[in-house]
Amino acid sequence: MNTGWAHIEWAGETLALLPERALWWARERTLFIADPHFGKAATFRCAGIPVPETSHEDDLARLENLLARLGARRLVILGDFFHAKSGRSEGTLAALAEWRTRSEALEVVLILGNHDRHAGPPPKAWDIACVVGPWALGPFQCRHEPGESELGFVLAGHLHPAYHLPDRIGSGLRGPCFHFGKRVAVLPAFGAFTGTSNVTAACDDRLFLIGPDCVLELPPRVLRRRR
């Protein structure tokens, strides 16, 4: 068991929250990620904004290392695989194709998100199953945009949740987080080159702040002070 992980009992299952911004369901050897937004840097470059078009390489390396270390047999992507149609650059597509070739035994399921509808699905040769959510897997209803479901416990993305933890001098720390409610959990954006949105926790919600090497649950007393 990795000491940098956090764990939660949710929907009758044990889930591990990883600092790589991913959720691990060990019993099913399934890794969940949300919002990789591959090609976002290329989209910026197409718009004339001079940013390096290599962020996908770092994200892919992080994903590939994580999958190998865990021995995952399934990857579920909770939407927004590509950022935009203009981001499907030659370099981005080549890097993703090479990754898929190296991981051809891995089952990959993409829950189509709002960006996917405009950017288009991954090429068929990559063997990525594209489904419209909600998509059922065990007790979970996998979807892109959060929302409660009578059919099960929802795993979603879309919001890129983050939390600002203030200190006594008014600055503090801000970082991506996992946001767990009673029946809806929102994962942080997996892509490093994405924005974030501050979340406000409701009563009995649980927030897990992501650091460079660990995930830490915020004590309820901290959350109560912010309500």
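Select Phe-81 and its surroundings. Beyond its neighbours within four places in sequence, Phe-81 is in contact (heavy atoms within 4.5 Å) with Pro-36, His-37, Phe-38, Leu-96, Leu-110, Asp-116, Pro-122, Trp-126 and Ile-128.

Before moving on, note what is on the screen. This is a predicted model, where local features need pLDDT of at least 70, side-chain atom pairs count only at pLDDT 80 or more, and totals for chains, interfaces and linings use all residues. Residues are numbered from 1 along each chain as its sequence is written, and side-chain values use heavy atoms, with hydrogens and water left out.

**Stop 1: the whole chain**

Show the cartoon. The protein has five helices and 16 strands. These are DSSP runs numbered from the N terminus: helices are H or I with at least four residues, strands are E with at least two. Now colour by burial. Of the 227 residues, 50% are buried. Buried means under 20% relative accessible area, exposed over 50%, and partly exposed in between (1.4 Å probe, protein chains only). Among contacts with a separation of 6 or more, 66% are between residues 24 or more positions apart.

**Stop 2: the nonpolar cores**

Select Leu-18, Leu-31, Leu-75 and Phe-81. In the largest nonpolar core, which has 28 residues, these four touch the most other members. Such a core is a set of buried Ala, Val, Leu, Ile, Met, Phe, Trp, Tyr and Cys residues joined through side-chain atoms within 4.5 Å. E2, E3, E4, helix H2 (55–70), E5, helix H3 (90–102) and strand E6 (107–111) each supply at least two of its residues. Which element gives the most to this core? Select H2: it contributes five residues, the most. Then pick Trp-25, Val-109, Ile-111 and Leu-155. They are among the 26 residues of a second, separate core.

**Stop 3: the seven-stranded sheet**

Show the strands E1 to E7. They form an open sheet of seven strands in the order E1-E2-E3-E4-E5-E6-E7, with mixed pairing. Strand E1 (6–10) and strand E7 (128–131) are the edges, each pairing on one side only. Two strands pair if DSSP finds at least two bridges between them. Neighbouring strands here are turned by 25 degrees against each other on average, direction ignored. Axes are lines fitted to C-alpha atoms, for helices over the stretch in contact, and angles run from 0 to 180 degrees between N-to-C directions. Zoom in on strand E2 (residues 13–18). Three bridges join E2 to E3, and the two run antiparallel. Leu-18 has Ala-22 in E3 as its bridge partner.

**Stop 4: the salt bridges**

Switch to charged side chains. The whole structure holds nine salt bridges. Each is a side-chain nitrogen of Lys or Arg within 4 Å of a carboxyl oxygen of Asp or Glu. Select Glu-13, Arg-27, Glu-28, Arg-73, Arg-74 and Glu-107, which salt bridges link in a network. Arg-27 meets Glu-28 with the closest N and O atoms 3.6 Å apart. Arg-74 also bridges to Glu-28, at 4.0 Å, N to O. That pair links distant parts of the chain, 46 residues apart: Arg-74 lies in strand E5 (residues 74–77), Glu-28 in the loop between strand E3 (22–25) and strand E4 (30–33). Are the two arginines buried or exposed? Arg-27 is exposed, at 56% relative accessible area; Arg-74 is buried, at 8%.

Last, select Arg-206 and Glu-217. Their closest N and O atoms are 2.7 Å apart in a salt bridge. Arg-206 is in strand E15 (residues 206–210) and Glu-217 in strand E16 (residues 215–217). Arg-206 is partly exposed, at 30%, and Glu-217 is partly exposed, at 35%.
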